[in-house]
Amino acid sequence: MIKILAFSGSGRRDSVNKKVVAVAAKGAEEAGAQVTIVNLEDFNMPIFTEDLEAEKGMCEGGQAFKKLLIESDGFLISCPEYNSSYSALFKNSIDWASRKVGDEKVLEAFKGKVAGIMAASPGALGGMRVLVTLRMLMENIGTMVLPTQQAISKAFEKFDEDGNVTDERTEKVLKNIGKELVTTLEKLKA
Ligand SMILES: Cc1cc2nc3c(=O)[nH]c(=O)nc-3n(C[C@H](O)[C@H](O)[C@H](O)COP(=O)(O)O)c2cc1C
């Protein structure tokens, strides 16, 4: 069975990117995958510095997050656009997970994996600029990124108070990212 790890780059409790990830994850589940959704803030990773790593080694949360990435075939990621780029929480988490410990292979968490990327913003562009930086980062560390991507504009208007998607088109395009990720991974595994 295809295993997917889904997460957003936002640590905000009521994050719209977390809601976006949940819809895409549903699409992947409907296509037959096993999806695990995690919140990056739950891993409590300190800001990465090489001094901290040299003194204390890999942080517990970073190793736990990396383990989940290693065990997955692919990722569903939705990242908020902060000043036209990804959030510090997202980049810090990727930086920790990129560090090799013991017998692990270089960039084992990312190489040969496939990702579907999304962004959501209350603004008119939906965070489409972060998708450029997100794609570049993930590709540079060995993860193939699906050509299809989605930026959800005016995102606060597209979910209800309970976090359910209320806009039919948004639901369709997000579920499709999840489905496309599963079908791509199935083809690669065949
Ligand atoms: C530091 C900061 C920078 C931001 N920069 C942008 C931006 O460049 N483009 C944009 O569309 N929204 C920007 N926003 C607004 C976010 O899109 C908005 O806070 C959004 O709700 C964050 O996603 P979340 O709901 O998943 O936490 C910024 C917000 C913060 C806190």
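The model is predicted, so local features need pLDDT of at least 70 and side-chain atom pairs pLDDT 80 or more, while totals for chains, interfaces and linings use all residues. Residues are numbered from 1 along each chain as its sequence is written, and side-chain values use heavy atoms, without hydrogens and water.

Glu104 counts as buried because its relative accessibility is 14% (buried is under 20%, exposed over 50%, partly exposed in between; 1.4 Å probe, protein chains only). Residues up to four places away in sequence aside, Glu104 touches Gln63, Lys66, Ile70 and Arg99 (contact: heavy atoms within 4.5 Å).

Glu81 lies in the loop between strand 3 (74-78) and helix 4. Beyond four places in sequence, Glu81 contacts Gly127, Met128, Arg129 and Val130. The side chains of Glu81 and Arg129 form a polar contact of 2.8 Å (a pair of N or O atoms within 3.5 Å; within protein, one must be able to donate a hydrogen and the other to accept it, and residues adjacent in sequence count only if both atoms are side-chain atoms). A polar atom of the Glu81 side chain is also 2.9 Å from the backbone nitrogen of Val130.

Glu81 is among the closest of the 14 residues that surround the ligand (a heavy atom within 4 Å). A side-chain N or O atom of Asn17 is 2.7 Å from a ligand oxygen atom.

Definitions and conventions:
Helix = DSSP H or I, 4+ residues; strand = E, 2+ residues; numbered from the N terminus.
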